[in-house]
Amino acid sequence: MTAPALHLDGVATRFGAEEMIFDLSVSPGEWLAVIGPSGAGKSTLLDLVAGFLAPDAGRILIDGIDRTQSAPAERRLSMVFQDNNLFPHLDVFQNVALGITSRRRLSDGDRDRVEASLAAVGLEGFGARRPAEMSGGERQRVALARAFLRERPLLLLDEPFAALGPALRRNMLALLASLKAARAPAPMTIVLVTHNPEDARRHADRVAFLDKGRIAAIGPAAMLDDPADPALRAYLGL
Ligand SMILES: Nc1ncnc2c1ncn2[C@@H]1O[C@H](COP(=O)(O)OP(=O)(O)O)[C@@H](O)[C@H]1O
Ligand SMILES: [Mg+2]
């Protein structure tokens, strides 16, 4: 049996009086959407997995390896945030190149890979631009290009397209889905925080509903049609 791509076993953290505790297992190649009200702990969950936040208790396994104590860079994952993914003083090419190396000099092969990854997100020829000279959607495509260039098996996204309009958001999700498919047969596991249940329905294999620092419900995306959990029903307005 292959190990889960991600496994959280009693991973706990506390902010003041609020305790959060997460148990979760995500299979290789699975797309998990994480939804829930503001303040439920969605970003905290991703920060714990990425290693930006150390848990008070519990274990985090990535590809079957205990990474609870590992530095973020040692975890085999990439993270895309809602904004501020890019370094403003670097151009787009340099920002994407950071996905493979922080060295100043790139090999010709490295340069080709950066160009190819920009082309894959429809940004051919944008390499010399600064982030400030691009739209929000273009900047998020740069962030996706860099994340994909890193070729990590686990991709965490924290409301990456929330600031974009509905049509652009749908396009970006379709792009994410096609990049994931292009990666096959190497399975790419996605954990996507979204506040849009439609996005979860369209693309996710499973949905986790977070409420008050717990996973209150988890199941196939179809669960959203008629959920049993009262808090999830209230969240969806059912
Ligand atoms: N660094 C922190 N210090 C204190 N409280 C925090 C910190 N980060 C998050 N919190 C609290 O944890 C709760 C969950 O936050 P967050 O994970 O950002 O929620 P979500 O992403 O679901 O909106 C919030 O009540 C927030 O105030
Ligand atoms: Mg958040």
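Two strands pair if DSSP finds at least two bridges between them. The views below show a predicted model.

View 1. Strand 3 (residues 31–35) is joined in the parallel sense to strand 8 (residues 189–193) by four bridges. Within this pair, Leu32 has Val191 of strand 8 as its bridge partner.

View 2. Strand 6 pairs in the parallel sense with strand 7, over four bridges. Met79 has Leu156 of strand 7 as its bridge partner. Both faces of strand 6 are covered. Leu77 and Met79 lie on one side, Ser78 and Val80 on the other, and all are buried.

View 3. The buried residues of the helix are Lys42, Thr44, Leu45, Leu46, Leu48 and Val49. An α-helix has 3.6 residues a turn, so residues three or four places apart point the same way. Just after helix 1, Gly51 takes a positive phi of about 90 degrees.

**View 4. The surroundings of ligand 1.** The residues around ligand 1 are Phe15, Gly36, Ser38, Gly39, Ala40, Gly41, Lys42, Ser43 and Thr44. Helix 1 supplies three residues, the largest share of this shell. Sorted by class, the shell has two nonpolar, six polar and one charged residues.

**View 5. Phe22 in strand 2.** Phe22 is placed in strand 2 (residues 18–26). Phe22 counts as buried because it has 23 C-beta neighbours inside 10 Å, and the cut-off for buried is 20 or more. Leaving aside residues up to four places away in sequence, Phe22 touches Leu8, Val11, Leu45 and Ile215. Ala97 stands 75 residues from Phe22 along the chain, and the C-alpha atoms of the two are separated by 34 Å.

**View 6. Strands 1, 4 and 5.** Strand 1 (residues 6–15) and strand 4 (residues 57–62) run antiparallel and are joined by five bridges. Across this pair, Asp9 stands opposite Arg59 in strand 4. Strand 4 also pairs with strand 5 (residues 65–66), in the antiparallel sense and over two bridges. Here Ile62 is opposite Ile65 in strand 5. Strand 4 and strand 5 form a hairpin with two residues between them. In the turn, Asp63 has a positive phi of about 50 degrees.

View 7. The loop between helix 5 (166–183) and strand 8 holds Pro185. The peptide bond from Ala184 to Pro185 is cis, with omega near 10 degrees. Glu159 is found in the loop between strand 7 and helix 5. Although Glu159 is not a glycine, its phi is positive, at about 45 degrees. Glu159 has 19 C-beta neighbours inside 10 Å and therefore counts as partly exposed. Lys212 belongs to the loop between strand 9 and strand 10. Lys212 is likewise a residue other than glycine with a positive phi, near 50 degrees. Because 14 other C-beta atoms lie within 10 Å, Lys212 is partly exposed.

**View 8. The contact between domain 1 and domain 2.** The protein is divided into domain 1 (30–55 + 68–76 + 152–238) and domain 2 (86–151). The centres of domain 1 and domain 2, taken over C-alpha atoms, are separated by 24 Å. Contacts link 11 residues of domain 1 with 10 residues of domain 2. On the side of domain 1 that touches domain 2, helix 5 gives the most, with five residues. The residues on that side of domain 1 comprise 10 nonpolar, no polar and one charged.

Terms used:
Residues numbered from 1 in each chain as written. Chains lettered and ligands numbered in written order. Predicted model: local features only at pLDDT ≥ 70, side-chain atom pairs only at ≥ 80, totals over all residues. Buried ≥ 20, exposed ≤ 12 C-beta atoms within 10 Å, placed from the backbone. Contact = placed C-beta atoms within 7 Å. Near = placed C-beta within 6 Å. Nonpolar A, V, L, I, M, F, W, Y, C, P; charged D, E, K, R; others polar. Domains from an automatic or database assignment.
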